[in-house]
Amino acid sequence: MTRSAPADFSGPAGPDEAGPLPRRRSIGVRVGSSEAAIKVGGGAPIAVQSMTNTDTADIEGTVTQVAALARAGSELVRITVDRDEAAAAVPHIRDRLAKTGCHVPLIGDFHYIGHKLLADHPACAEALDKYRINPGNVGFKDKRDKQFGLIVEMAIKFGKAVRIGANWGSLDQELLTALMDENARAPQPRPAGAVMREAMVQSALHSAARAEEIGLGRDRIILSAKVSDVQHLIAVYRTLARRSDYALHLGLTEAGMGSKGIVASSAAMGILLQEGLGDTIRVSLTPEPGGDRSLEVKVAQELLQTMGFRTFVPQVAACPGCGRTTSTVFQELARDIQTYLRDEMPLWRTRYPGVETLNVAVMGCIVNGPGESKHANIGISLPGTGETPAAPVFIDGQKAMTLRGASIAAEFKQIVEDYIERRFGGAKSAAE
């Protein structure tokens, strides 16, 4: 048997060193009022964004959903402003949210007639914290520049940020046609997909340059270029990042439903985030009929947290189960603890500062159970099939006790609660 040479860890970190590439240096953009302003880009933490799917004219329904998204952790919420009734409802939505203590920045999503809605409803223009403009449908032919300019002028007047969001489902057809014709005449034409990506990048950058010419500051502009194909999304954002230093909003548009949407969004944005790209993200999941809209917020948070960019909620490590774990006890306990920790976070954020860094392990047998439990702040290794009916509990790497009997789950939950109070309760007292 041949022995490998001793490893040498004395030199500088090599290309296999764990961790993402340095964050791309982008211009910081302030979004929101002084009560709940959030900085996007400029080295600020990567922000989580979501969007309502209510009729914005339904004030109560929209307020309820915005509040739910904010409670789940969405730091910016986009709402559709597509007609007069929706525009008229926006200031009422903002005011009702404020009365409940919810000051999450609101983004108005405008298509086709945004210039008219903002002009006809100045209270809406003032109430929103950011405008989203799609350069592919802000106007057509000779009306495009004028209508785009009117929206930018409103943003300047009210001191608002603007996201210029190109989308391959509504790309500027004149620009795309011109680039396609130019490509066809080239000695070595590029693939159609590459030309489409170039059109998206040019659409976003030309629009940003035009906004600056009108007078909108660079520190008020965020760019996005969304497609629904993972490889195209990675390529288009790499190009956009090379050619500009604007803050970037990441998102795989029309990602889909369930596991498909989660996997596709995570694959695309995970690569870009690892390369240092992205200042705010949204996971565009199609919800199940009557499903929880805030799932997209949870997925975005979990993506950022599992990659080590931010911490939002305590993490629960749990084994997948195997033939050694025919009992469902560890599955039920892992589910209950994870649900409990997330449900309590809205209160704990203020009561227990730092609790989001907590790590809990719920393991199903003796193989990896004790070792994984020692890596967590609190861990339990439940007995697998045929093992002694005892569950050792580890706290901060040390075995603290052994639980037995039918009340293991309840006892472990109480241990978690006591640990949180003991470790993180003092942080609030010190702050006060």
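These questions and answers set computed values for a predicted model against the definitions behind them.

Residues are numbered from 1 along each chain as its sequence is written. In this predicted model, local features need pLDDT of at least 70, side-chain atom pairs count only at pLDDT 80 or more, totals for chains, interfaces and linings use all residues, and side-chain values use heavy atoms, with hydrogens and water left out.

Q: What makes T280 count as buried or exposed?
A: Its relative accessible area is 0%. Buried means under 20%, exposed over 50%, and partly exposed in between, with a 1.4 Å probe and protein chains only. T280 is therefore buried. T280 lies in strand β11 (residues 280–281).

Q: Which residues does T280 touch?
A: Contact means heavy atoms within 4.5 Å. Leaving out residues up to four places away in sequence, T280 touches V40, I46, A47, Q49, L76, L248, H249 and L250.

Q: Why is R238 called partly exposed?
A: R238 has a relative accessible area of 35%, so it is partly exposed. This residue sits in helix α8 (residues 230–243). Apart from neighbours within four places in sequence, R238 contacts I271, L272, E275 and L277. From R238 to S284 is 46 residues in sequence and 20 Å in space, C-alpha to C-alpha.

Q: What makes a set of residues a nonpolar core?
A: The members are buried Ala, Val, Leu, Ile, Met, Phe, Trp, Tyr and Cys residues, joined through side-chain atoms within 4.5 Å. The largest such core here has 114 residues. Y131, L223, V362, I380 and F412 touch the most other members. Helix α7 (residues 192–214) gives the most to this core, with 9 residues. A second, separate core has 10 residues, including V29, V31, V40 and I107.

Q: Which residues does L223 touch?
A: Not counting residues up to four places away in sequence, L223 touches I164, A204, L205, A208, L240, S244, Y246, A247, L248 and H249.

Q: Why are α7 and α8 called oblique?
A: Their axes come within 10 Å and cross at roughly 40 degrees. Axes are lines fitted to C-alpha atoms, for helices over the stretch in contact, and angles run from 0 to 180 degrees between N-to-C directions. Angles under 35 degrees count as roughly parallel, over 145 as roughly antiparallel, 65 to 115 as roughly perpendicular and the rest as oblique. So α7 and α8 are oblique to each other.

Q: Which hand does the crossing of α7 and α8 have?
A: α7 passes α8 in a right-handed crossing. A crossing is right-handed if the near helix is turned clockwise from the far one by less than a right angle, and left-handed if anticlockwise.

Q: Why are α9 and α10 called oblique?
A: The axes of helix α9 (residues 258–274) and helix α10 (residues 295–306) come within 11 Å and cross at roughly 40 degrees. The two helices are therefore oblique to each other. Their crossing is right-handed.

Q: Which residues make the contact of α9 with α10, and how do they divide by class?
A: I262, S266, M269, G270 and L273 of α9 meet V299, L303 and L304 of α10. Ala, Val, Leu, Ile, Met, Phe, Trp, Tyr, Cys and Pro count as nonpolar, Asp, Glu, Lys and Arg as charged, and the others, Gly among them, as polar. The contact has 6 nonpolar, 2 polar and no charged residues.

Key: Helix = DSSP H or I, 4+ residues; strand = E, 2+ residues; numbered from the N terminus.
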